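Student: Could we go through the charged side-chain pairs in this one, and then look at something else?
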Amino acid sequence: MIRVSASQSPLFGSVADVAERLAEVGYLASTAVATTVYLADRLGKPLLVEGPAGVGKTELAKAVAEATKSELVRLQCYEGIDEARALYEWNHAKQLLRITAGQGTESWDETRDDVFSEEFLLPRPLLTAIRRADPTVLLVDEMDKADVEVEGLLLEVLSDFQVSIPEMGTVTATRRPFALLTSNSTRELSEALKRRCLFLHLDFPDADLERRIVLSRVPELAESLVDALVRTVRVLRGLELRKSPSVAETIDWGRTLLALGMDTLDDEAVRTTLGVVLKHQSDQVKAAAELRLN
């Protein structure tokens, strides 16, 4: 069994350190975000980040990894994901070859001990993150898309940062990863999972923060154009759309205008580039009516 080092040093020194280092890698964090990230690191607790799609949940995990020079290990959840894809599985083809090769020359006990060993183990994201000795950020992305049974697999990992492999024993982290789970709230996560995590709700940023984000990512844009972009996106988010524009799409819109050499967001510019931020025809029709585009 591998055990956790009691002397593991934190990734961040203070809340201000979190905000500063995330900003250095392009993620402008509010005080609430920086505080929660600091506490998750200092307390060794997983962080559950909920909110609508496109508000920067996944980007937060990426930014923490980049800011701390940690390896990002990502488990992308989807309907039907199982233990073999999340934790580990055995290389059955290789095991079969090993069993065939050993027939007649060794006992079954010898063969069994061999085929259920490290050589035949295929680690998946959760086990990979647990076994890493270097700084690691474990991202469990879109947890709400996975089945309820998958949450049960996570409870041991998030409680004790360990994985039980019946054939080999328990693998316990030598260095606890910084674990961040995201959810778009398409279904309610279990209370058992939530109890193990700190919680952070991310919503779309206010106008000032989004303006600063766009300027940091597309500094070539004129501030007046950025202001117009942010105002227009906020109007679009106020509509009942199938998919509201994300912050990343606001940035993409700015880059699009820059690439086309447009310096104003007039009706023609909006009409010709609206597909950058709205990906459903019904949303574009509704937006055109609201913005009174000809």
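Student: How far apart in helix α3 are K62 and E59?
Tutor: They are three residues apart, which means that about one helical turn separates K62 from E59 in helix α3, helices being DSSP runs of H or I with at least four residues and strands runs of E with at least two, numbered from the N terminus. Their side chains meet in a salt bridge at 3.6 Å, N to O, the term meaning a side-chain nitrogen of Lys or Arg within 4 Å of a carboxyl oxygen of Asp or Glu.
Student: And what should I know about the model itself?
Tutor: This is a predicted model, in which local features need pLDDT of at least 70 and side-chain atom pairs count only at pLDDT 80 or more, while totals for chains, interfaces and linings use all residues. Residues are numbered from 1 along each chain as its sequence is written, and side-chain values use heavy atoms, with hydrogens and water left out.
Student: Which residue does D141 form a salt bridge with?
Tutor: D141 pairs with R74, their closest N and O atoms lying 2.6 Å apart. This pair links distant parts of the chain, since D141 sits in strand β5 (residues 136-141) and R74 in strand β2 (residues 71-76), 67 residues apart.
Student: Is D141 buried or exposed?
Tutor: D141 is buried, at 2% relative accessible area, whereas R74 is partly exposed at 36%; buried means under 20%, exposed over 50% and partly exposed in between, with a 1.4 Å probe and protein chains only.
Student: Which residues are linked in a network of salt bridges?
Tutor: R85, E89 and R124 are linked in such a network, and the count of salt bridges comes to 18.
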